[in-house]
Amino acid sequence: MSMPPRSANASRKTKETDISVSVQVDGSGKSDISTGVGFFDHMLDQLSRHSLIDMTVKAKGDLHIDDHHTVEDTGIALGQALAKALGERRGIMRYASIDLAMDETLTRAAIDVSGRPYLVWNVAFSSPKIGTFDTELVREFFQALAQNAGITLHVTNHCGANNHHIAETCFKAVARALRFALESDPRQPDAVPSTKGSLKG
């Protein structure tokens with residue numbers, strides 16, 4: 001039995017941001033990203049490309065203050081869209097981990113698509129900025145994503161000197177782990193992969 005189409009939309013509108021997101025889990029990594037934050041757009045492109053999740057993200061935020069609300073709220077909306085698209089999470093592999101190398105940098109991401117949100121973050125940056133982008137917002141994005149998608153996510157940077165590379169390996173590693181965890185399990189294509197019979201938390 002093949003999985004039904006896994007796609008969903010989510011939106012979030014506050015006094016700080018206006019965001020709309022659509023995802024197609026079984027895509028080809030196509031993205032249409034516009035958040036007004038150039039480096040963040042680049043990272044979301046990587047997340048889509050390497051997870052093979054098609055993503056459309058349109059965000060308008062209070063960038064005259066800083067990028068924080070736009071990045072965090074995009075993570076919230078993207079997580080909500082993924083949770084909707086996955087539904088009962090039947091037939092997925094559920095678990096995945098990867099060590100991802102990029103030049104001098106090595107980062108591990110491990111995922112449990114458990115319905116129980118949790119982030120363990122062992123990543124340090126040597127500078128508060130990558131260009132004009134606050135490096136602390138990388139963690140804020142993944143915290144919002146994990147909480148709203150209902151996934152347990154561990155990210156550990158083993159080594160790295162270039163902050164751009166460190167951030168990029170975080171997004172690529174999470175993307176690859178998501179790809180593998182959300183793949184169909186051919187041995188139990190219609191089963192919820194839990195002894196509880198539910199992955200709703």
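Which strands does helix H2 lie across? The model is predicted.

1. **Helix H2 and the sheet.** Helix H2 covers residues 68-86. It lies across S1, S2 and S4. Its direction is at about 35° to S2.

2. **Strand order.** The sheet is open and has 4 strands. Read across it, the order is S1-S2-S4-S3. The pairing is mixed. Strand S1 (7-13) and strand S3 (31-34) are the edge strands. Each has a single partner strand, so one side of each has no neighbour in the sheet. From one strand to the next, the twist averages 5°.

3. **The S2 and S4 pair.** Which sense joins strand S2 and strand S4? They are antiparallel, with 8 bridges. S2 spans residues 17-24, and S4 spans residues 54-61.

4. The structure holds 6 aromatic pairs. One of them joins phenylalanine 39 and phenylalanine 133. Phenylalanine 39 lies in helix H1 (residues 38-51), while phenylalanine 133 lies in strand S9 (residues 133-134). The pair therefore ties together parts that are 94 residues apart in sequence.

5. **An edge-to-face pair.** Phenylalanine 40 pairs with phenylalanine 141. Their ring centres are 5.5 Å apart. Their planes stand at 70°, so this pair is edge-to-face. It links distant parts of the chain. Phenylalanine 40 belongs to helix H1, and phenylalanine 141 belongs to helix H3 (residues 136-149). The two residues are 101 residues apart. Phenylalanine 40 is buried, with a relative accessible area of 1%. Phenylalanine 141 is buried as well, at 0% relative accessibility.

6. **The aromatic cluster.** Which residues form one aromatic cluster? They are Phe40, Trp121, Phe141, Phe142 and Phe171. Phe40 and Phe141 are therefore partners in the edge-to-face pair and also members of this cluster.

Conventions:
Residues are numbered from 1 along each chain as its sequence is written. This is a predicted model: local features need pLDDT of at least 70, side-chain atom pairs count only at pLDDT 80 or more; totals for chains, interfaces and linings use all residues. Side-chain values use heavy atoms; hydrogens and water are left out. Two strands pair if DSSP finds at least two bridges between them. Axes are lines fitted to C-alpha atoms, for helices over the stretch in contact, and angles run from 0 to 180 degrees between N-to-C directions. Contact means heavy atoms within 4.5 Å. Rings of Phe, Tyr and Trp (its six-membered ring) pair if their centres lie within 6.5 Å; planes under 30 degrees apart count as stacked, over 60 as edge-to-face and the rest as tilted. Buried means under 20% relative accessible area, exposed over 50%, partly exposed in between (1.4 Å probe, protein chains only).
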